[in-house]
Amino acid sequence: MPKVSQEYMDARRTEILDAARRCFLRDGFHSTSMQDLFTESGLSAGAVYRHFASKDEMILAIAEENMDEVLTLVHTVATTRPSGSVGAVVADVLDLVSARSAEHDTARLAVLAWSEALRNPTLARQFSTLLTQMRSDLAEVVREHQESGALPAEVTAESIAGALVCLLPGYILQVAMLDPTLVAGVGEAVRALWPDPATT
């Protein structure tokens, strides 16, 4: 039997997750059956189960992929230019969320995943890990600003980072539910609220 390449396996996994996203957005997590996923992907049960043992594994994979790009952006900024504007960092994250949602409807998927996390401890732990990492990376940016006097030092960097992270779910909820024009200026507003220290 010929060996299947990793590229082929990765492409098939992406194909399955794309089908799962379509099903979940159309019918929700609970109303989507594994048979629905087989039909939507056009693959056999064996081909799907080769990559994912259950629907829950697909939900986890989608949630992780949705957060991974955001985390990478925050981590890159925190480690390469921590003295940059806090507002710019957060606004860049919001802009990324908006772009990804326009492309793949990730905001609506995120809201579905949050509700699922209330009953799925594994998904809840995954969100906790991802958000903890984001807070930690943002705290590095905040700490630089505190040391330069651009942000108040009497509040911990972790607490300020936690407050900034709180902006993300509210923004995602609005992107998922409202007319996109109603949140179009949020990124620029965040940049204005927390400008680059060099310009203030």
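Helices (H or I, at least four residues) and strands (E, at least two) are DSSP runs, numbered from the N terminus. By that definition, the secondary structure of this chain amounts to nine helices and zero strands, and Asp56 is a residue of helix H4. The model is a predicted one, in which local features need pLDDT of at least 70 and side-chain atom pairs count only at pLDDT 80 or more, while totals for chains, interfaces and linings use all residues. Residues are numbered from 1 along each chain as its sequence is written, and side-chain values use heavy atoms, with hydrogens and water left out.

**The chain as a whole**

- Read along the sequence, the pattern of the chain is α-α-α-α-α-α-α-α-α, and its C-alpha trace spans about 65 × 40 × 30 Å along the principal axes.
- The chain has 200 residues, of which 42% count as buried, where buried means under 20% relative accessible area, exposed means over 50%, and partly exposed lies in between (1.4 Å probe, protein chains only).
- Contact means heavy atoms within 4.5 Å, and among the contacts in the chain with a separation of 6 or more, 69% come from residues 24 or more positions apart.

**Helices H4 and H5**

- Helix H4 (residues 55-80) packs with helix H5 (residues 86-104) at an angle of about 155 degrees, their axes being 10 Å apart; axes here are lines fitted to C-alpha atoms, for helices over the stretch in contact, and angles run from 0 to 180 degrees between N-to-C directions.
- That angle makes H4 roughly antiparallel to H5, given that angles under 35 degrees count as roughly parallel, over 145 as roughly antiparallel, 65 to 115 as roughly perpendicular and the rest as oblique.

- In helix H2 (residues 34-41), the residues Met34, Leu37, Phe38 and Ser41 are buried.
- The crossing in which H1 passes H2 is right-handed.
- From H1, the residues Glu15, Ala19, Ala20, Arg22, Cys23 and Arg26 meet Asp36, Leu37, Glu40 and Ser41 of H2, and the residues of this contact divide into four nonpolar, one polar and five charged.
- Gly42 follows H2 and has a positive phi, near 75 degrees.

**Individual residues**

- Thr32 is found in the loop between H1 and H2, where it counts as buried at 2% relative accessibility.
- Leaving aside neighbours within four places in sequence, Thr32 is in contact with Cys23, Phe24, Asp27, Leu37 and Lys55.
- Asp56 is partly exposed, with a relative accessible area of 31%, and, leaving aside its neighbours within four places in sequence, Asp56 is in contact with Glu116 and Asn120.
- Asp105, in the loop between H5 and helix H6 (106-117), has a positive phi of about 60 degrees although it is not a glycine, and at 23% relative accessibility it counts as partly exposed.
- Glu144 has its place in helix H7 (residues 121-148) and is partly exposed, with a relative accessible area of 33%.
- Glu144 and Ser85 lie 59 residues apart in sequence, and their C-alpha atoms are 9.9 Å apart in space.

Terms used
Left-handed = near helix turned anticlockwise from the far one by under 90°. Nonpolar A, V, L, I, M, F, W, Y, C, P; charged D, E, K, R; others polar.
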